[in-house]
Amino acid sequence: MTSSSNSSAQIAGGVAVVGAIAAAAAIAPKLGSLVGGAPNASTATAASFLNRATFGADAASAQSLAAGTTDAWFQAQKDAAPSPGGAPGFWASPANFHLAWVDRRQADFDAQYAAAVAAITDPNAKKPNHRRVDRNQFQEGFWARAVTGDDQLRHRMALALSEIFVVSFQGSTITPRIAASWYDMLSARAFGSYVDLLKAVTLHPAMGLFLNIIGNTQADKDPTRHPDENYAREIMQLMSIGLVQLEPDGTPRTDAAGAPIPTYTHDDIAALAKVFTGWGWYAAKPTNNTFAKQPGNGVGGAAPDVQNLIPYPALHSQLSKTFLGATIPAYTGAAPTTPAGAAALADYQAKSLDTALKVIAAHPNVGPFIGRRLIQRFVTSNPSPAYVGRVAQAFNGDPAKPATRGDLFATLKAVLTDPEAQNRDAALASPTSGRLREPTLRMAHWLRASAATSQAATGSAVGNWVQFADLGDPGYLAQAQLEAPSVFNFWDPDFTPTGSRIAAAKLVAPEFQAVDALTVAAYANLMAQVVQNRGWPGGDVKVTYAQEIAALTPPTATAPDLDSALIDRINTLYFGGAMSPVLQGRLTRVLSSTKSTAKAPTADQRASVRLDKVRSALILTLTAPEYLVQR
């Protein structure tokens, strides 16, 4: 293989096709088996851990963790800020990183519009377009934090939680500000109490819009209708206890006939739905008109459009509510036709919500249910019952100290430090271990490992991370944050590819639900494009490959390139030292055959060859099935 002006493009196109075919052929039938050693055991082990716990290892983070301890890393991450070098403790008090980002971007657009209007000299000229923020500005903040933020663990946990407690731009009137506020809420509570998170989720306007809490009214004296049951159903099915009763290790409990025992009935749903009546938009002076009328975009976190929902007591059910073995008695106080009666009923409404959420959070299913979901999001699609049981035990806390139950930080630490998560040799030897990497995590990993940057912008030293497309489109990544097609997320946690060896083995592979011929080819072609172009289309997000090229560059100008050093770097950062000999051999052949056609190459020509080598190696890596399936 020779280097010329278009050789990289040819390599990129060819490898993209090969990668797409290989991925399509290898992914669907099985999870696969990997073998391989670690070029630098401690750094490789650190990188492997970071590839689960963060948006991807880079050289600095892997070396830092290798030189320290996991416990110290967890503690630092607990206090880390969403911006590089930010002061610790950002999330300890009410914070609005994502909301502030969206507000700043709207201010940018307002200033651009004002400047354009001021520049008009012709009174008959058409006014310029006044741009408004859209979901792209929310995505900008997400990617800036994913690639540059110090709080990698918290942000990864927020991503995981967003795929359990699902809201979406799709099919709703969620605005960029509401979405940003939702992500701030998940981030602030990512390491807190599960029941506190459940309450924050319930009262956030994003969930109010997405699952019809807003507009849900009591029907106490109207036999022709009943309260909306959407949220009551999904909070149990998808966010807490699931459909069937579970043993402490997550295995289904069965009756005498061997059938799974349901966790709840429709009567439980109907009763719980009454708890979620009478919650509406924040208003300083609430009326029936403000109950379900969505406010316009505000500025800052105190504006009505991003405030928690508030009680509208006259619209709340006063009937008794029996669900999951608990009963909330009927309201017996004064009618809400007087200020005192309204206050009493509002107090009953608030206490009913607290009681309901505590009943759900105390259910024995929650530990194994949430534990398994988090294991799937961070480590493996098919955890053993013992693994689930240990994580559930961490969630359950100390029975003698009820306040320790539902500690999400302790639960996440248990997920990531469990022996089944830490034992690489056993994972690599097991045909059932691993998970398909989410497309978002693949892109973020490349950006982080390649030290991507966005052009510095007014009010943002890390830049704007301008989006070049809707990455949720199947023609790109088929995944973008808060753009899931339904409340079931982008993939069902129990999805199994039909007719596959995974199905035959009675295993699950959730992320494969988003895999088809289009998404496989689209991903391969997109990664080939951005790797080849050294950044995202549009020119705002760029990589230089300075570290990769430095690894290749020999100590003397005329010495051969250090191909093995580049392969070692890729093996460490992308595979945690577990790259297979087959892939190592393929990379070696590609790199060794990439040469200049000149008999005595100039420094520029040698630099061009090295750039070609980096591009080719990364495209092969990012489309390799053994990278796509994380072990």
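**Close-up views of a predicted model**

**View 1. Helices α7 and α8 pack against each other.** Helix α7 (residues 152-162) meets helix α8 (residues 176-188) at an angle of about 115°, and their axes lie 8 Å apart. Axes here are lines fitted to C-alpha atoms, for helices over the stretch in contact, with angles running from 0 to 180 degrees between N-to-C directions. Helices (H or I, at least four residues) and strands (E, at least two) are DSSP runs, numbered from the N terminus. This is a predicted model, in which local features need pLDDT of at least 70 and side-chain atom pairs count only at pLDDT 80 or more, while totals for chains, interfaces and linings use all residues. Residues are numbered from 1 along each chain as its sequence is written, and side-chain values use heavy atoms, with hydrogens and water left out. On the α7 side you will find Arg-154, His-155, Ala-158, Leu-159, Leu-161 and Ser-162, in contact with Tyr-183, Leu-186, Ser-187 and Ala-188 of α8; contact means heavy atoms within 4.5 Å. Six of these residues are nonpolar, three polar and one charged (Ala, Val, Leu, Ile, Met, Phe, Trp, Tyr, Cys and Pro count as nonpolar, Asp, Glu, Lys and Arg as charged, and the others, Gly among them, as polar).

**View 2. Trp-446 sits in the largest nonpolar core.** Trp-182 and Trp-446 touch the most other members of this core, which has 160 residues. A nonpolar core is a set of buried Ala, Val, Leu, Ile, Met, Phe, Trp, Tyr and Cys residues joined through side-chain atoms within 4.5 Å. Buried means under 20% relative accessible area, exposed over 50%, and partly exposed in between (1.4 Å probe, protein chains only). Setting aside neighbours within four places in sequence, the contacts of Trp-446 include Met-527, Trp-536, Tyr-545, Tyr-574 and Leu-622. Another core, of five residues, lies apart from the largest one, and Ala-283, Phe-291, Ile-310 and Leu-315 are among its members.

**View 3. Glu-548 and Arg-569 link two helices.** The closest N and O atoms of their salt bridge are 3.6 Å apart. Glu-548 is in helix α23 (residues 546-552) and Arg-569 in helix α24 (residues 563-575), so the pair ties together parts 21 residues apart in sequence. Glu-548 is buried, with a relative accessible area of 2%, and Arg-569 is buried at 15%. Elsewhere, a network of salt bridges links Glu-163, Arg-377, Arg-435, Glu-438 and Glu-511.

**View 4. Helix α11 is largely enclosed by the rest of the structure.** Six of the eight residues of α11 (residues 230-237) are buried, namely Tyr-231, Ala-232, Glu-234, Ile-235, Met-236 and Gln-237. They pack against α9 (194-203), α10 (205-210), α12 (266-275), α14 (339-362) and α15 (366-378).

**View 5. Asn-489 has a positive phi although it is not a glycine.** Its phi is about 75°, and this buried residue (6% relative accessible area) lies in the loop between β7 (453-454) and α21 (501-504).

Terms used
Salt bridge = Lys/Arg side-chain N within 4 Å of Asp/Glu carboxyl O.
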